[in-house]
Amino acid sequence: MNNRYAKKQLIQLYGPECFIEKLHLRHDKKIHYTSVAQMQKMKQLTYHHILERQYGGKSTIKNGALLSRENHIWFHRQPESVRSALNKKFKKYKACKVVFVDTPPTHIRTKPFELNLNKVPYNRAHMKKETKQLLDEDLER
Ligand SMILES: [Zn+2]
């Protein structure tokens, strides 16, 4: 099973939503986007390995969590203790809320576009490099 397939299966089971947002697990400042395109990119769902690949974690439904790209990046910046606590919550959620649907939901919920004049300029090249480094192991493609 590859990440892309496992992600599709997770979406069918749990809906097209980031687990961190769904379970309200992130309490830092609101994220501001410089464009709708950037926001859409950051809201894209990615496959997260609950048990990391380097420790033998496989790309399966059981070992997966759906995280938006921005929350996935945030997740891997957290200290081990926080990551471990979050992974436990993903597992608990998956164990108690399995929803079977005939047709997966077709809409994806997004937050409204926010404008912040105090924002740090968005550096596309920097962001791209940082994302690649952080998630090379974990993201699909
Ligand atoms: Zn991950």
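**View 1. Thr 34 is partly exposed, with a relative accessible area of 34%.** Buried means under 20% relative accessible area, exposed over 50%, and partly exposed in between, with a 1.4 Å probe and protein chains only. Thr 34 sits in the loop between helix 2 and helix 3 (36–43). Helices (H or I, at least four residues) and strands (E, at least two) are DSSP runs, numbered from the N terminus. Thr 34 and Tyr 122 are 88 residues apart in sequence, yet 6.9 Å apart in space from C-alpha to C-alpha.

The model is predicted: local features need pLDDT of at least 70, side-chain atom pairs count only at pLDDT 80 or more, and totals for chains, interfaces and linings use all residues. Residues are numbered from 1 along each chain as its sequence is written, and side-chain values use heavy atoms, with hydrogens and water left out.

**View 2. Helix 4 (residues 69–77) crosses helix 5 (residues 80–96) at roughly 135 degrees.** Their axes come within 9 Å. Axes are lines fitted to C-alpha atoms, for helices over the stretch in contact, and angles run from 0 to 180 degrees between N-to-C directions. The two helices are therefore oblique to each other (under 35 degrees counts as roughly parallel, over 145 as roughly antiparallel, 65 to 115 as roughly perpendicular and the rest as oblique). Trp 74, Phe 75 and His 76 of helix 4 make the contact with Arg 83, Leu 86, Asn 87 and Phe 90 of helix 5; contact means heavy atoms within 4.5 Å. Of the contact residues, four are nonpolar, two polar and one charged (Ala, Val, Leu, Ile, Met, Phe, Trp, Tyr, Cys and Pro count as nonpolar, Asp, Glu, Lys and Arg as charged, and the others, Gly among them, as polar).

**View 3. Tyr 14 and Tyr 93 form a tilted aromatic pair.** Their rings are 5.7 Å apart centre to centre, with 45 degrees between the planes. Rings of Phe, Tyr and Trp (its six-membered ring) pair if their centres lie within 6.5 Å; planes under 30 degrees apart count as stacked, over 60 as edge-to-face and the rest as tilted. Tyr 14 lies in helix 1 (residues 3–14) and Tyr 93 in helix 5, so the pair ties together parts 79 residues apart in sequence. Tyr 14 is buried at 9% relative accessible area, and Tyr 93 is buried at 7%.

**View 4. Phe 19 and Tyr 93 form an edge-to-face aromatic pair.** The centres are 5.1 Å apart and the planes 75 degrees apart. Phe 19 belongs to helix 2 (residues 19–22) and Tyr 93 to helix 5, 74 residues apart. Phe 19 is buried, with a relative accessible area of 0%.

**View 5. Ring pairs link Tyr 14, Phe 19, Phe 75, Phe 90 and Tyr 93 into a cluster.** The structure holds five aromatic pairs.
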